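Look at the sequence and the structure before reading on.

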Amino acid sequence: MSDILGIMTHRIGHAGSFARHAKSALAEKFSGILVYTPKDVNLTTRRITGYVYKGGTWSRQTMPFPRMNMDIGFYKGSQVARATLVKKAPSFPFTGYGIGNKIRIQNHLLTSPVLKPYLLPTELVKDSSSFLAFVKKYNSVMLKPINGWGGRDIVRVTLEQGQYKVQKNGEQTRLTSAVGIRSLIRRALSKERQIMQQWIDIRNKQGIIYDIRALMLKKSEGNWETTGIAVREAQRGRITSNLKSGGHAFEASSYLKKEFGDEKGEALAKSVRELAEYIPTFTEKSYGTRLCELGIDLAVDAQGKLWLLEINIKPGKKIMRQLYGLKAWEQCLHTHFQYARSLLSKTQ
């Protein structure tokens, strides 16, 4: 039986923008792809209305649930609950599953004695008073949406001589009072739940923010592979180092040696690799769920201490293109499709 590969996403726009996905699916002997959003899934009739690529053309069709699916969406608002519901539907398999919001992930990571020393103090923002108390305790704090990605809507708040310094990407730093902070928190919480995390100084010698992304992919045999480790350096003046917002990727080991000297740099690079190799298997066991890729974000503070910032189940692959070239990037995108095929083969 020839199989269609289901691809769930947050927004389709133009079906033709999924041509690369169709090409990869066909290369892995799928008969085509069905692209859909969570709201296109009818859980009662067990059918999906979406865009089908088959035999070289796109058409809108209603079909039964595919026997293998990939989730590539970035959901927000009501879409989050709907996507979660779809992925919980019986006999509707996905290559990988969710691991929840940033607080849920933090709580899972804290259960590991290996990871605990690398985790920053992180809490849910209950209200403006809890946020002000957290800033008082840690002096400088990052405010992040609980389901945020790509560095969006992150704010840094620093207490300096009785005033609060507020920094956002692409905006001028502004000073405000406790009243101003209360107002900022109320606005942020009206959009979505927020977390607060201690800020650490992760600027390089030139004063530019940088972090380290380890990209972990599951191979068709089911084993995890460290596909790439790169330093992501922010644009000057920004508070996060996301490549989408103009950052640059560098080879991690040589960058760390330049910052901290050969011996310390080498030791840090080794620790990064060891943590990156430990996390995927630990996370799958901790959640009792299947994952297919992970982006692990680490950082080294000015004192040379390594921190684990967060883990992402749908990591961007831009570091592969910037650091290792077009061919490595394409192969890395294709790995997910190879894994989808191997999972399907095992169920046949």
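A crossing counts as right-handed if the near helix is turned clockwise from the far one by less than a right angle, and as left-handed if the turn is anticlockwise. By that rule, α4 and α5 cross in a right-handed sense. The model is predicted.

**Helix pairs**

Start with α4 and α5. Helix α4 covers residues 128-138, and α5 covers residues 178-191. Their axes come within 9 Å and cross at roughly 125°. Angles from 65 to 115 degrees count as roughly perpendicular and those over 145 as roughly antiparallel, so α4 is oblique to α5. On the α4 side, the contact is made by S128, S129, F131 and L132. On the α5 side, A178, I181, R182, I185 and R186 take part. By class, five residues of this contact are nonpolar, two are polar and two are charged.

Next come α1 and α9. Helix α1 spans residues 19-27, and α9 spans residues 326-347. The two axes come within 9 Å and cross at roughly 55°. That angle makes α1 oblique to α9. Helix α1 passes α9 in a right-handed crossing. From α1, the residues in contact are R20, H21, S24, A25 and A27. They meet L333, H334 and F337 of α9. The contact of α1 with α9 holds four nonpolar residues, three polar and one charged.

Helix α6 runs over residues 252-260 and α7 over residues 262-287. They pack at an angle of about 140°, with axes 7 Å apart. The two are therefore oblique to each other. Here too the handedness can be stated: α6 passes α7 in a right-handed crossing. Helix α6 contributes S253, L256, K257 and F260 to the contact. Helix α7 brings D262, K264, G265, E266, L268 and A269. Of these residues, four are nonpolar, two are polar and four are charged.

| Helix pair | Axis separation | Angle |
|---|---|---|
| α4 and α5 | within 9 Å | roughly 125° |
| α1 and α9 | within 9 Å | roughly 55° |
| α6 and α7 | 7 Å | about 140° |

**Pocket and cavity**

Rolling a probe the size of a water molecule over the atoms shows where empty space is left.

Which helix gives the most to the lining of the second largest pocket? Helix α5 does, with four residues. This pocket holds about 440 Å³ of space. It is lined by 21 residues, and the closest to its centre are P145, D153, A188, K191 and Q194. Strand β8 (140-145) and helix α5 each supply at least two lining residues. By class, the lining has eight nonpolar, five polar and eight charged residues.

How many cavities of 30 Å³ or more does a search of the whole structure find? It finds one. The largest cavity has a volume of about 80 Å³. Its lining includes the charged residues D71, K87, E293 and K314. T95, G96, Y97, L291, C292, I313 and H336 also line the cavity. The class count for this lining is four nonpolar, three polar and four charged.

Conventions: Residues are numbered from 1 along each chain as its sequence is written. This is a predicted model: local features need pLDDT of at least 70, side-chain atom pairs count only at pLDDT 80 or more; totals for chains, interfaces and linings use all residues. Side-chain values use heavy atoms; hydrogens and water are left out. Axes are lines fitted to C-alpha atoms, for helices over the stretch in contact, and angles run from 0 to 180 degrees between N-to-C directions. Angles under 35 degrees count as roughly parallel, over 145 as roughly antiparallel, 65 to 115 as roughly perpendicular and the rest as oblique. Contact means heavy atoms within 4.5 Å. On a 1 Å grid over the protein atoms alone, a cavity is a set of points where a 1.4 Å probe fits but cannot get out, and a pocket is an open set with protein on both sides within 12 Å along at least five of seven lines; lining residues have an atom within 4 Å of a point. Grid points are joined across faces, edges and corners, and a volume is the space filled by probe spheres set on the points.
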